[in-house]
Amino acid sequence: MLFAIVSRGKKLRTRLFPHRFNDNRYHVHLGKEGPYIPVTDHRDIPSYLANGYSLQMSDGAQSHAPSLIRPEAIHGWSTNARDLFFPAL
């Protein structure tokens with residue numbers, strides 16, 4: 001499960017999850033101002049993160065607009081295949 005934790009501001013320590021937009025897709029961006037790429041399957045998101053794309057994320061209630069989160073701040077994925085397929089035993 002992919003998640004991020006807010007590290008500053010009023011929402012400190014709030015968990016963020018990948019935001020699913022009205023079109024039932026997730027949005028990844030290569031830069032803040034660049035266009036987004038819609039991703040239909042959540043299982044494809046880690047491959048974009050590994051290539052430096054940021055992900056739109058929001059809290060579970062989705063009470064605020066989604067935030068663009070850098071791959072380094074997202075937990076639950078790894079560029080190392082061993083971490084993904086053989087978790088610590």
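**Reading salt bridges and strands in a predicted model**

Me: Arginine 25 has a relative accessible area of 31%, making it partly exposed. What does partly exposed mean?

Reply: Buried means under 20% relative accessible area, exposed means over 50%, and partly exposed lies in between (1.4 Å probe, protein chains only). This is a predicted model, so local features need pLDDT of at least 70 and side-chain atom pairs count only at pLDDT 80 or more, while totals for chains, interfaces and linings use all residues. Residues are numbered from 1 along each chain as its sequence is written, and side-chain values use heavy atoms, with hydrogens and water left out.

Me: Which residue meets arginine 25 in a salt bridge?

Reply: Let's take the idea first. Side chains of opposite charge can pair when their charged atoms come close. The cut-off for a salt bridge is a side-chain nitrogen of Lys or Arg within 4 Å of a carboxyl oxygen of Asp or Glu. Here the partner of arginine 25 is aspartate 23, at 3.2 Å from N to O. Aspartate 23 is partly exposed, with 34% relative accessibility.

Me: How many salt bridges does a search of the whole structure find?

Reply: The search gives 3. In one of them, arginine 43 meets aspartate 41 at 2.7 Å, N to O. Arginine 43 is exposed at 63%, whereas aspartate 41 is partly exposed at 24%. Glutamate 72 and arginine 70 form another, at 2.8 Å, N to O. Glutamate 72 is exposed at 61%, and arginine 70 is exposed as well, at 52%.

Me: How do β3 and β4 run, parallel or antiparallel?

Reply: Two strands pair if DSSP finds at least two bridges between them. Strand β3 (residues 26–29) and strand β4 (residues 36–39) run antiparallel, joined by 4 bridges. Together they make a hairpin with 6 residues between the strands. You can find the pairing on screen through histidine 29, which faces tyrosine 36 in β4.

Me: And the protein as a whole: what share of its residues counts as buried?

Reply: Of its 89 residues, 28% are buried. For contacts (heavy atoms within 4.5 Å), consider those with a separation of 6 or more: 46% of them link residues 24 or more positions apart.

Notes. Helix = DSSP H or I, 4+ residues; strand = E, 2+ residues; numbered from the N terminus.
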